[in-house]
Amino acid sequence: MDTPVDGIPARRVLTNPAGLARYQHDEAEWAPYGTPIAVVRPQSTEEVRDVVRHCLAHHIPVVPGGAGTGLSGGANAVDEAIVL
């Protein structure tokens, strides 16, 4: 299965709408958010590096995701981004 991120196993890349929806925003209901093209769940610093390099090469915004419990909107996805 192809993934939208070079070098990352497909099992760690979410692209289905239900999976993406869980990572679109934190608990800040007032803060705007968009729809990412993928959510990547890396398992090593090397995979984080590979995702960031891929995004740089393809001009894709990277949003560092957290637990989703924040109240500031700082981890909200933007359209066409990859949530890491």
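In this predicted model, the chain has an accessible surface of about 5200 Å². Carbon and sulfur atoms account for 55% of that surface. Of the chain's 84 residues, 33% count as buried.

Two helices and four strands are present, and along the sequence they follow the pattern β-α-β-α-β-β. Among contacts between residues at least 6 apart in sequence, 61% join residues at least 24 apart.

The four strands form an open sheet with mixed pairing, in the order β1-β2-β4-β3. The strands at the edges are β1 and β3, each of which pairs on one side only. Strand β3 pairs with β4 in the parallel sense, over two bridges. Val 62 has Ile 82 of β4 as its bridge partner.

The elements with stated residue ranges are these:

| Element | Residues |
|---|---|
| β1 | 13-14 |
| β2 | 38-40 |
| α2 | 45-58 |
| β3 | 62-63 |
| β4 | 82-83 |

In soluble globular proteins, nonpolar side chains tend to be buried together. Here the largest nonpolar core has nine residues: Val 5, Ile 8, Val 13, Ala 38, Val 40, Val 51, Cys 55, Ile 60 and Ile 82. Both β2 and α2 supply at least two residues of this core. Another core, of seven residues, lies apart from it and includes Val 39, Val 63, Ala 77 and Ala 81.

Leaving aside neighbours within four places in sequence, Ile 82 is in contact with residues including Val 5, Ile 37, His 54, Pro 61 and Val 63.

Technical notes: Residues numbered from 1 in each chain as written. Predicted model: local features only at pLDDT ≥ 70, side-chain atom pairs only at ≥ 80, totals over all residues. Heavy atoms only, no water. Core = buried A, V, L, I, M, F, W, Y, C linked by side-chain atoms within 4.5 Å. Buried < 20%, exposed > 50% of the residue type's maximum accessible area, 1.4 Å probe, protein only. Contact = heavy atoms within 4.5 Å. Areas by Shrake-Rupley, 256 points an atom, 1.4 Å probe, with all protein chains shown as cover. Pairing = 2+ DSSP bridges.
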